[in-house]
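Thanks for coming, everyone. Please have a look at the model first.

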Amino acid sequence: MSSDLCGSSLLLALPDDMFSVITSSLSPRDVCSLGLSCPGLNAVASSDKVWLSQCNKLGIKLLPFSTLVEWRKGVSSYKALCRFLVSIHPLIGIWVHQNPELGNVVYVMPGFLSVVGCRIIPQTIGPLGLEDGPLFWTSVFEILCKSDGSTAFFLHGREQGADYVYPGLFKSVDRNCNVLLLEVEVLHQRDEIDEGTEIPFSRLESDDREMLLDFVTRKVRGIIPDTATAISFPPYRTDEVDSQQDFTVLHERRLLLLQMYERMLNPTEFGSSEAGDGDQVIEQILRKSSSTDGGQENQSILHQFLRSSDRVGLCLRAATMELSFHMAWPHMDDDQSILYKMPMEPPDECHKYAGLWGGAYGWPPTRVSEEKAGEALFLISISYEVTKWGKKLMIGTKILEGTSYVEHPNGSATFTANVDEPALEAFPSYGAEDSNSIDSFGGESIASGYGFRNPGSEPGSLFVLSNGLLCFVSEESRTVLTLQRFDLADLLKRGERLPLLLPPVSNYVYPMRWYVTPYSGISDS
């Protein structure tokens, strides 16, 4: 082998297509490191072909290839697009909070050069079912991709009869993040403050955190233009012309919001002319603080946080916390504006039925179609767990209920099934001749008694039907819960966005005292 085909020269001699195939097996970080090794490799490793393969690898479960190509039109390069995909990839999925008890489900999905946080509204099934009728949702937040791949965060809310967006920063610290925290971020630390004495936002009293979030959102808000409220992501279309028109609208919407972001993202200064003199504003906040009655230490912590910077801003922080679980439901902190990522097992050979399911109670066991019209929609997350006695259980955790009054709070195990124990009774197929059972498991369903950890239960059986449905039949009450696999992204693209009703902080996580949602009347109409 000649000396000029050694080391980097050997790689540089490869055709571009072969080089991109080889680098596709590397991580984005490794590709960047490869580019730093020499100028020649940097030029090749920065090519769009190399980074298109990286984008395709990241987006293969999220975006069709044609959408990646469309997204490329709005950024400077595929490398910039990959930067964005790496930062938002951990957010995709289902996020929950235990209040209100009907359920608080926020599904984060790709928008258009963005991700959108969509709250699923508790609802009954409409006259067309969900296969031909809409799933109701409303917006919580979105994170847009700038031209260079950096992010622009907007919180959504409604105040004074108008829809607003609230710009802030997005901070992703871990690809395995399991919590999303809405916080006030110190943006410019005073020179006299030592780094070791910084007070994190989480250390403040809950009422003080809420007060500061309200203070900052009032300073940074901007009314959403009508042209930016039409669509947030490409809706389901069967016509290619309509799809291209949607992309045009979405391109214009994104540019408008990014212009607003650059114009509005001015850090809130305690000493700005709008806020008033800095010391006066701090004193006003301290006087309003609930920690005044909570002891000198709490008041001192708030004072130290306020004094640490003359500029603060809104921040969405993706972090990893050590969480404990009751069955498949995370234990939650009610005092902070936090969404918790719902662990969703992908189905495999050993866990065939893991994942998200949706359905309703009632006979006959059918899909969520017009036959189920008027019934409450349930979202159930199915996971697997091995007990300390060695029993392998399938757990159906309720994360959303479409009734006006709940008998059991969300997070309750609607049913459990013993994977190694077949049902003792046959499937009651009377009136459902097309629904033959191909497998069954003995188990228990939730029954009388209100509570989260120890509700009542009654024996029952989980049946797997030949048409792909799951059907849990309770032995004593004879109630029947029928479930089908749900693809929330697909349902939302066919869905209907409801108008915002709540101010921004409450729209992010409902207050503790709420047991119903303000959308119950709208979604049932």
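α9 gives the most to the lining of the largest cavity, with three residues. Helices here are DSSP runs of H or I, at least four residues, strands are runs of E, at least two, and both are numbered from the N terminus.

Some ground rules. This is a predicted model, with local features needing pLDDT of at least 70 and side-chain atom pairs 80 or more, while totals for chains, interfaces and linings use all residues. Numbering starts from 1 along each chain as its sequence is written, and side-chain values use heavy atoms, without hydrogens and water.

What is a cavity here? On a 1 Å grid over the protein atoms alone, it is a set of points where a 1.4 Å probe fits but cannot get out, and lining residues have an atom within 4 Å of a point. Points are joined across faces, edges and corners, and the volume is the space filled by probe spheres set on them.

The count is three cavities of 30 Å³ or more. The largest holds about 40 Å³. Its lining is F112, S114, E142, L144, S232, L250, R253 and R254. Two elements give two or more residues to that lining: β4 (136-145) and α9 (240-264).

Now S381. This serine sits in strand β15, residues 378-386.

Note on methods:
1 Å grid on protein atoms, 1.4 Å probe; cavity = no way out; pocket = protein on both sides within 12 Å on 5 of 7 lines; lining within 4 Å.
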